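Here are my notes for going through this one with you. Have the sequence and the 3D view open side by side, and take the points in order.

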Amino acid sequence: MSVLAIENLSATLSGRRVVDGVSLTAGKGSFTGLIGPNGAGKSTFLRACLGLVPASGAIRLDGTDLSALRPAQRARHLAYLPQEREIAWAMSVEAVVALGRLPHHARFAAPSQRDKAATEAALTRMDLCAFRHRAVTSLSGGERARVLIARALAQETPVLFADEPLAGLDPQHQIALMRLFRELAAEGRIVVASMHDLTLAARWCDRLLLLEGGHAHAEGRPEDVLTARTLEDVYTVEAFIGTAAGGLIVQPVGLSQKKKEENHG
Ligand SMILES: Nc1ncnc2c1ncn2[C@@H]1O[C@H](COP(=O)(O)OP(=O)(O)OP(=O)(O)O)[C@@H](O)[C@H]1O
């Protein structure tokens, strides 16, 4: 069984330890939510795993040290949806999605049948066929987000990292995306996604890794991680936590008592 093992990952940016000794083990078929307040280190953790920022620690997939691979080799194992959704060039949707195939063929080589099929499957899966000839720069933010997800899908990697994939999506597309991540996990992939919506995280993820100040504050099943106490301590909010429609509802309803006292100083 495929296992992604991230061990003791640390990253220092501008002299500050932004991710400090974070570990995560995720098995094939799992969907892990990466949660934590703004600035907790979620993006840096993902970027460090991808080799986009200098880091120490180990990241292994089935025992293969991913950090030792060249970028193109690594990109055959690990796809990444970045938090930034800007695309500078007016390329067509289809051309952007096809970029996901670059790690699979030699530079300047024509796309193979397999490449074309993977691009087509990703366009279909993200409901983008009608947009295929549109310039990405002409799309709305949510539509552009779907194009970038399709590009990551076209990469056909065993592991998918997504940084705030729900940002900018309407509720229907948020749920569709969480359903897609669950389907990808059911197909045997390993999905890790950062998010701020705690109800969606609780309802769709198998496990949650809660970061705070660069450290892992908690890791485990959503119902064990998302307690009133944790939300108060880490997010400094008072939250309603209940069960409805077959899953957890986690709704911040106000600032924690401690935070209110701090604000009144
Ligand atoms: N290039 C950098 N130089 C210095 N500090 C940085 C740099 N990039 C990020 N940081 C800092 O590292 C910390 C973690 O940032 P990061 O973007 O990983 O947080 P995050 O959990 O993804 O936050 P958010 O939920 O706001 O996206 C923040 O305090 C941020 O200011």
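1. Start at the ligand. Around the ligand you'll find Leu13, Ser14, Arg16, Val18, Gly36, Asn38, Gly39, Ala40, Gly41, Lys42, Ser43 and Thr44, where a residue counts as near a molecule if its C-beta atom, placed from the backbone, lies within 6 Å of it. Before going on, keep in mind that this is a predicted model: local features need pLDDT of at least 70, side-chain atom pairs count only at pLDDT 80 or more, and totals for chains, interfaces and linings use all residues. Residues are numbered from 1 along each chain as its sequence is written.

2. Which element gives the most to that shell? Helix α1 does, with three residues. Both β2 (16–27) and α1 (42–49) supply at least two residues of the shell. Helices (H or I, at least four residues) and strands (E, at least two) are DSSP runs, numbered from the N terminus. Sorted by class, the shell has three nonpolar, seven polar and two charged residues. For the classes, Ala, Val, Leu, Ile, Met, Phe, Trp, Tyr, Cys and Pro are nonpolar, Asp, Glu, Lys and Arg are charged, and the others, Gly among them, are polar.

3. Now the domains. The assignment gives domain 1 (1–77 + 157–222) and domain 2 (91–155), with bounds that come from an automatic or database domain assignment. Their C-alpha centres lie 23 Å apart. Ten residues of domain 1 and eight residues of domain 2 make up the contact; two residues are in contact if their C-beta atoms, placed from the backbone, lie within 7 Å. On the domain 1 side, the touching residues split into five nonpolar, three polar and two charged.

4. Next, the largest nonpolar core, which has 74 residues. A nonpolar core is a set of buried Ala, Val, Leu, Ile, Met, Phe, Trp, Tyr and Cys residues joined through C-beta atoms within 7 Å. Phe45, Cys49, Val97, Ala150 and Phe161 touch the most other members. Helix α5 (residues 141–154) brings the largest share, eight residues.

5. Take a closer look at Phe45. Leaving out residues up to four places away in sequence, Phe45 touches Leu9, Val19, Val22, Leu34 and Leu211.

6. Is Leu123 buried or exposed? Leu123 counts as buried, because it has 23 C-beta neighbours inside 10 Å. The rule: 20 or more other C-beta atoms within 10 Å of a residue's own means buried, 12 or fewer means exposed, and in between is partly exposed, with C-beta atoms placed from the backbone. You'll find Leu123 in helix α4 (residues 113–125). Neighbours within four places aside, Leu123 is in contact with Glu94, Val97, Leu128, Cys129, Arg132 and Ala150.

7. Compare that with Ala130, in the loop between α4 and α5. Ala130 counts as exposed, with 9 C-beta neighbours inside 10 Å. Its C-alpha atom is 9.8 Å from that of Val93, 37 residues apart along the chain.

8. Arg207 sits in strand β9 (residues 207–212) and is partly exposed, with 19 other C-beta atoms within 10 Å. Arg207 and Pro222 are 15 residues apart in sequence, yet 5.8 Å apart in space, C-alpha to C-alpha. Not counting residues up to four places away, Arg207 touches Ser30, Thr32, Glu219, Gly220 and Arg221.

9. Two backbone angles deserve a check. Most residues other than glycine have a negative phi. Thr236, though not a glycine, has a positive phi of about 50°; Thr236 is in the loop between α9 (228–235) and β11 (237–244) and is partly exposed, with 16 C-beta neighbours inside 10 Å. Ala245 also has a positive phi of about 50° without being a glycine. Ala245 belongs to the loop between β11 and β12 (247–255), and is exposed, with 6 other C-beta atoms within 10 Å.

10. Finally, the record. UniProt, in an unreviewed entry, places the feature "domain: ABC transporter" at residues 4–238; positions follow the numbering used here, feature names are shortened, and annotations may be inferred rather than shown by experiment. Over residues 4–238 the chain is 34% helix and 27% strand, with the end C-alpha atoms 34 Å apart.
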